[in-house]
Amino acid sequence: MNISIDPNSGFCFGVVNAIKKAEEELAKGDTLYCLGDIVHNGQEVERLAKLGLITIDHEEFARLRNAKVLLRAHGEPPSTYETARQNNITLIDASCPVVLTLQKRIKKAYENRTTDHTQIVIYGKKGHAEVNGLVGQTGNHAIVIENEDDLDKLDYTKDICLFSQTTKSLDGFNRIVKKISERISPEAKFDFSDTICRHVAKRIPNIIKFARENDIVIFVSGQKSSNGKELFEHCKQENPDTYFVTSPDDIDKLSLDLTKKIGICGATSTPAWLMKAVAEKIKFQ
């Protein structure tokens with residue numbers, strides 16, 4: 001049986017850091033809350049819940065007092081830090097440094113804009129935790145562009161300052177830049193910053209190469225992971241025999257030809273232990 005696990009798949013360093021901090025705090029025996037799922041993977045969230053991590057939403061966070069709360073890698077808007085200050089909440093800040101740097105750049109661009117007519121634009125997924133944190137740096141005035149269909153939201157007679165969610169596709173960002181450049185008025189200024197995390201950006205060419213090298217691809221990811229959905233689509237386009245699974249139990253639903261070369265890969269939110277568990281499930285089918 002020829003089964004391989006993609007060495008380039010699995011947690012990015014931001015997620016590794018967040019989970020390490022969670023495990024360290026939980027080992028102290030104190031009650032620890034996490035604001036939102038620590039990672040978009042149900043299996044890993046469940047593992048940490050068994051260790052004592054309590055996941056809460058922003059409404060529950062606002063009601064907490066004198067507690068300890070972990071901020072995940074996605075980052076948070078300024079309002080979260082203000083709530084923590086008012087409610088005497090101790091924050092364990094595991095925000096990814098790449099995201100924090102981007103937040104500072106967006107805040108500076110918003111505060112230093114030459115005119116109130118300058119549009120701060122973020123290429124990203126509306127409602128995504130990271131994007132909410134980025135938009136928060138502008139007092140919620142930034143415009144979120146998910147795809148080329150959203151470009152009609154912009155006023156091309158006014159200045160545009162474009163940033164990107166760190167986990168978006170570099171090709172997608174470049175297409176947005178090209179479209180805006182074609183439409184913007186000669187009198188308006190267009191500035192753009194490629195703020196995509198290169199560690200994540202490399203995943204696409206790596207995953208395409210991995211899909212080519214295998215007859216069958218098992219892509220392991222949580223349903224909530226936008227990065228997982230995007231990487232899966234790239235796998236599927238390259239290799240039609242690509243299957244999306246969230247847990248080893250999903251293997252039972254597939255009819256795999258075990259004489260073929262099978263590759264297992266995943267998203268930046270997929271733990272290595274889960275990909276190994278999927279591999280073991282296939283071996284003992």
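For the charge count in these legends, Lys and Arg are positive and Asp and Glu are negative, while His and the chain ends are not counted. The place of each charge is NZ of Lys, CZ of Arg, CG of Asp or CD of Glu. This is a predicted model, in which local features need pLDDT of at least 70 and side-chain atom pairs count only at pLDDT 80 or more, whereas totals for chains, interfaces and linings use all residues. Residues are numbered from 1 along each chain as its sequence is written, and side-chain values use heavy atoms, with hydrogens and water left out.

**Figure 1. The whole protein chain, before we zoom in.** The 39 positive and 40 negative charges of the protein chain have mean positions 3 Å apart. Its secondary structure comprises 11 helices and 12 strands; helices (H or I, at least four residues) and strands (E, at least two) are DSSP runs numbered from the N terminus. The C-alpha trace spans about 65 × 50 × 25 Å along its principal axes. Of the 285 residues, 52% are buried; buried means under 20% relative accessible area, exposed over 50%, and partly exposed in between (1.4 Å probe, protein chains only). Among contacts with a separation of 6 or more, 70% join residues 24 or more positions apart, where contact means heavy atoms within 4.5 Å.

Figure 2. Strand β12 covers residues 262-266, and five of its five residues are buried. In a regular strand the side chains alternate between the two faces of the sheet. Here I262, I264 and G266 lie on one side of β12 and G263 and C265 on the other, with both faces covered. Strand β1 (residues 3-5) pairs with β12 in the parallel sense over three bridges, and I5 has I264 as its bridge partner. Strand β10 (residues 216-220) also runs parallel to β12, joined by five bridges, with I216 standing opposite I262. Two strands count as paired if DSSP finds at least two bridges between them.

**Figure 3. S193 in its loop.** Look for S193 in the loop between β9 (190-192) and α8 (198-201). Is S193 buried or exposed? S193 is buried because its relative accessible area is 16%. Not counting residues up to four places away in sequence, S193 touches R105, L162, F163, S164 and F173.

**Figure 4. E230 on helix α10.** E230 belongs to helix α10 (residues 226-238). Its relative accessible area is 21%, so E230 is partly exposed. Beyond neighbours within four places in sequence, E230 is in contact with T167, S169 and I204. L170 is 60 residues from E230 in sequence, and their C-alpha atoms are 12 Å apart.

**Figure 5. Q285 in the segment after α11.** Following α11 (272-283), we reach the segment that holds Q285. Q285 counts as partly exposed because its relative accessibility is 43%. Leaving aside neighbours within four places in sequence, Q285 is in contact with I251, D252, L254, L256 and L258. G36, 249 residues away along the chain, has its C-alpha atom 35 Å from that of Q285.
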